[in-house]
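Please keep the sequence and the structure in view while reading.

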Amino acid sequence: MDNNDETRSAETTEAAETAEVKDAADSAEIKETTEVPEPTEVSCQTAEKINLEKFSPRQLLELDACTRCGECSNWCPAYDQDNREPLTPRGRATQFKDIVSRQHGVFSADSVLGRLLGKKPVTVEEMKQFARDLYACSTCMQCHFVCPVFIDTVELWERIRECIVDSGYGPLEMQKDLVKKTKAYDNPWGQPRSSRARWGKIAKKKKRIKEIPGDISKQKAEVLYFVGCTASYDNNVEEVGINTVNILSHAGIDFGILGNREKCCGSVLLRMGDRESFERIAKENIQQFNDLGFKTFVTSCAGCLKTVREDYKKIGGLNFEVKHTLEYIVDLIKAGRLELKNNVNAKVTYHDPCHLGRHAGCFDAPRELLSLIPGLEFVEMERNRENSRCCGAGGGLKSAYPDMQNEISQKRVADAVATGATELVSACPFCYQGLQIGIQAMDAKIRMRDITELVCMAIGEEPSPEDRDKS
Ligand code: SF4
Ligand code: SF4
């Protein structure tokens, strides 16, 4: 480690700013071609027609399939905070169907039959209000799991968001920055590409890791550890990267990272409805990953996992398997390559990240892993697995409606506190951030932990002195 390796605060130093400016210049071409369209001025003028080619026949049928039973409303975390019908999955589907029927078909507002029936054209202001309500959703997928007619709600919401973006009504003002930064800097936080791997240098300097992981593009390895944007840039969740590196090193895994070549997985773009930009970044990532020839892609982020494992395969073939860190750790324990030998005397409860649980079907592995940690007392929250309450951080909800996210997070923290647990464990940097907001707002007596932290304690890779102080 040389003297230029500084603490995380160095990201705001002149050097970092210089790098950022250089990066911005590097990405000037990208910015020029990917500018988010500005919404049309507020007016009562007729709105542009939604392009229905984006929807599969099944999705168009799903708009008609809603029986209006209202079960989804009983579970939706956004509606729980703002009791307006347009925020319910039922209301959203019904409203979109109304927009489509007034714009298309024999009963549309501009058809003879439509005029006879008194159909009104869809106005720009209506579309803008629809967009505001559409983005008041964390894409948590709870509505899909409770819907008796199995409407694939989140696929539908994401497709509708694409149409809204194409028409210039989305993403919302407060979300645009996130999208622009992802396109310009390859991360939603607008940090320089050149400092993406700085967390590793700092951790080495602080003796939190023994070695900085090798650059997999220079030195082939069996496993790619994909750190993700949040764990790379947010020092509040740097533990996730540090712990993962320590676990993989402890088990003697042949792994590497992409360092400054790592780019956002594109999840933020897809969830916001910017499919064109998502596909571009996904194709670049798929090409880069496949060319590297590793066998296993490991990530500690639920959003990256869902995006790479579930969404990338719709874009291109992957010549490697994709695993969340906790799934990979369970495999290592079963293969006898990792031994959890130290007692971790704590009472913990587990929060299922929406994009790991409901979206990717990973419910058993975290519970199996927690059951293998000696000394640990595990207690379930009343809402768990498929019915786990969302933390509100996903789907762009936190950026557009931070107050709503805060309230949603507090409800989840209250669920955790009610169990009597002293530790709230999850497996996603985004959930970690989102739940911390609730813990702080409530001044709750529960400690947020990433699951990798408990594994580190169990294998004898002690947390840092700062971390111990926080416990
Ligand atoms: S995905 Fe979640 S937040 Fe969005 S409508 Fe469904 S239940 Fe509500
Ligand atoms: S649960 Fe399904 S069928 Fe019932 S109102 Fe909601 S979207 Fe419609």
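## Contacts of Leu224

Apart from neighbours within four places in sequence, Leu224 is in contact with Ile216, Gly256, Leu258, Phe289, Leu292, Phe294, Phe297 and Val298 (contact: C-beta atoms, placed from the backbone, within 7 Å). The model is predicted: local features need pLDDT of at least 70, side-chain atom pairs count only at pLDDT 80 or more, and totals for chains, interfaces and linings use all residues. Residues are numbered from 1 along each chain as its sequence is written, while chains are lettered from A and ligands numbered from 1 in the order in which they are written.

## The sheet

Five strands make up an open, parallel sheet, ordered β1-β3-β2-β4-β5. Because β1 (214-215) and β5 (321-324) stand at the edges with a single partner strand each, one side of each has no neighbour in the sheet. Strands are DSSP runs of E with at least two residues, helices are runs of H or I with at least four, and both are numbered from the N terminus.

Strands β2 (residues 223-226) and β3 (residues 255-257) pair in the parallel sense over two bridges; pairing requires at least two bridges found by DSSP. Gly256 in β3 is the bridge partner of Leu224.

## A helix on the sheet

Helix α17 (residues 325-334) packs on the sheet, where α17 touches β4 (296-299) and β5. The direction of α17 makes about 95 degrees with that of β5 (axes are lines fitted to C-alpha atoms, for helices over the stretch in contact, and angles between N-to-C directions run from 0 to 180 degrees).

Note on methods
Two residues are in contact if their C-beta atoms, placed from the backbone, lie within 7 Å.
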